[in-house]
Amino acid sequence: MAMSSSESATALKRTVIIAIFAAVAVVLSIVEAQIPLAGVGLMPGAKLGFANIMILTCIYFLRGRDVLVLVILKTLLTAFLLGTLSSLLFSLFGSLFSFIVMFALVKLGRKKFSVIGISIAGGLAHNTGQLLAASFVFNSTSIFYYLPVLLITGIITGIAVGFAVRYVVDSLSKISLFEEFLNGPGH
């Protein structure tokens with residue numbers, strides 16, 4: 001079945017938004033990789049979750065499958081530029097788990113959960129997903145001794161990411177490209 005010109009225009013806008021968000025998420029990941037968190041006592045591989053700003057923002061505007069494409073694009077591009085096969089697996093598990101949790105919370109009702117609360121849940125889910133992947137790869141549950149530190153880190157970074165998402169969503173809502181998506185899945 002052929003798309004109407006309005007449906008084609010909407011599909012093109014979605015594609016443009018996903019591409020822009022993916023590019024920004026990758027740049028945020030690269031910037032984040034330059035911050036030496038191990039030097040301040042955090043475990044090696046700990047991250048601030050800046051790319052999650054784009055994922056959660058996308059959840060507020062687009063469909064779940066669009067956000068899933070963004071998550072996969074961001075994860076693959078970031079792993080290609082910065083990581084290894086094992087970091088790809090850890091990042092993919094964390095990102096997918098985080099996406100599922102945040103998307104479900106937004107779907108349950110934006111009015112019930114604040115963007116900061118959703119972001120915190122996403123940060124906690126991301127860290128848990130990464131530990132599950134590490135446990136699987138190393139065939140050991142001893143990796144979970146990192147969980148308390150990662151949960152605290154997830155809460156702190158989730159708050160920061162949530163504030164950023166609140167600002168970004170409010171700002172993007174005023175741009176014409178996003179107008180037709182204002183009453184989308186997250187609204």
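Modeller: What follows is a close look at the salt bridges and their setting.

This is a predicted model, in which local features need pLDDT of at least 70 and side-chain atom pairs count only at pLDDT 80 or more, while totals for chains, interfaces and linings use all residues. Residues are numbered from 1 along each chain as its sequence is written, and side-chain values use heavy atoms, with hydrogens and water left out.

The chain holds seven helices and zero strands, where helices (H or I, at least four residues) and strands (E, at least two) are DSSP runs numbered from the N terminus. Of its 187 residues, 40% are buried; buried means under 20% relative accessible area, exposed over 50%, and partly exposed in between, with a 1.4 Å probe and protein chains only.

Side chains of opposite charge can pair when their charged atoms come close. A search of the whole structure finds three salt bridges, each defined as a side-chain nitrogen of Lys or Arg within 4 Å of a carboxyl oxygen of Asp or Glu.

One of them joins K13 to E180, with the closest N and O atoms 2.8 Å apart. This pair links distant parts of the chain, since K13 sits in helix α1 and E180 in the segment after α7 (176–179), 167 residues apart. K13 counts as partly exposed because its relative accessibility is 28%, and E180, at 39%, is likewise partly exposed.

Another salt bridge brings together the side chains of R14 and D66, at 3.1 Å from N to O. Here too distant parts of the chain are linked, with R14 in helix α1 and D66 in helix α3 (residues 64–82), 52 residues apart. R14 has a relative accessible area of 18% and is therefore buried, and D66, with 6%, is buried as well.

D66 also forms a salt bridge with R63, the closest N and O atoms being 3.0 Å apart. R63, at 27% relative accessibility, counts as partly exposed. Through salt bridges that share partners, R14, R63 and D66 are joined into one network.

Helix α1 (residues 5–33) also contains V16, which counts as partly exposed because its relative accessibility is 34%. With L12, I20 and V24, V16 forms a nonpolar patch on the surface, having about 310 Å² of accessible area together.

Definitions and conventions:
Patches are made of residues with over 30% relative accessible area and no salt bridge: like charges are joined within 9 Å, nonpolar side chains (Val, Leu, Ile, Met, Phe, Trp, Tyr) within 5 Å. Accessible areas come from the Shrake-Rupley method with a 1.4 Å probe; for residues, only the protein chains shown count as cover.
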